[in-house]
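Have the model open as you read.

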Amino acid sequence: MPVSLKKLSPSAWLQLAGWTVFGTLGCIAVSLAVTYAVFRNASAEVLHLGLIEATVLPILLAGPLFFYLTLKLRELAIVNHKLVVAASTDALTACLNRGAFSTRVENVLAGEIARRKRAIGALLVIDADHFKSVNDRFGHAEGDEALRLIVAAIQPCLRGDDMLGRLGGEEFAVFLPGVTPVNAADIAERIRRSVADAPFRPGGNSHVLTVSVGGALFDRPVVFEELFRVADLHLYEAKGAGRNRVELAAMPSEMTPSWYHSGLPN
């Protein structure tokens, strides 16, 4: 897809001009050096004409060529960026897909462990309640809209460094790096309430969406799969306890696990 010159940002124009100017100047320098080496023993008039030609030709040929090549390289960079985004983004909800989410969480955990020899935070697993009935009753198009509304309700509850991903179907996950247990519980509760307040009106009729949230709190080195296993376990506890609730727990240790329960059913 060609890049429109009118849509280039000031920094893009600066980069384009820089490659064109400095690339052309480099070609001129090489051309002058070669011409001087070849004609240095010729008459002054021949050398002078040769140097003029060695200056003009790179301007006429290299300038447009560098401009064109730089523009094409920018187009290629834009296409590559779009491919990377497409490969890591869930097409329906525009949040991270499962692979990208788990990879980014692992990278954050590994970085924290490498820097501080420890890691602190929480992983929340969020599942839409009775979602099959939404699809069966209102159709899959309205079900897709419900998923987009759930994501839109979750996002305002998150901090700048938090991550949101769709694990598949109606299941989502939120990674909260560096969060305290109290703050994690507060964010989980705000997510639950925000989804319940989402304006879902299939066919013009109001329908309340709810989610169950299971969470794993950690203050030691962990890996994503370990976190997900514990968070998913507590998600099923939230489902079994009546849905539309939050169940958070600290990662078990060899000592005694600590538990936190929050959010009663409406």
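A residue is called buried under 20% relative accessible area, exposed over 50% and partly exposed in between, using a 1.4 Å probe and protein chains only. This is a predicted model, in which local features need pLDDT of at least 70, side-chain atom pairs count only at pLDDT 80 or more, and totals for chains, interfaces and linings use all residues. Residues are numbered from 1 along each chain as its sequence is written, and side-chain values use heavy atoms, leaving out hydrogens and water.

**Ring pairs**
- Searching the whole structure turns up four aromatic pairs; rings of Phe, Tyr and Trp (its six-membered ring) pair if their centres lie within 6.5 Å, with planes under 30 degrees apart counting as stacked, over 60 as edge-to-face and the rest as tilted.
- Phe101 and Phe224 form an edge-to-face pair, because their planes are at 75 degrees, with ring centres 6.0 Å apart.
- This pair ties together parts 123 residues apart in sequence, since Phe101 lies in helix H3 (residues 98–116) and Phe224 in helix H7 (residues 224–240); helices (H or I, at least four residues) and strands (E, at least two) are DSSP runs, numbered from the N terminus.
- Phe101 is buried at 0% relative accessibility, and Phe224 is buried at 1%.

**A stacked pair between strands**
- The planes of Phe175 and Phe218 are at 5 degrees and their centres 6.2 Å apart, so the pair is stacked.
- Phe175 belongs to strand E3 (residues 171–177) and Phe218 to strand E4 (residues 211–218), so the pair joins parts 43 residues apart in sequence.
- Phe175 is buried at 1% relative accessibility, as is Phe218 at 4%.

**Cluster and charge**
- Phe101, Phe224 and Phe228 are linked into a cluster by ring pairs.
- Arg98 sits over the face of Phe228, 5.0 Å from the ring centre; this requires NZ of Lys or CZ of Arg within 6 Å of the ring centre and within 35 degrees of the ring normal.
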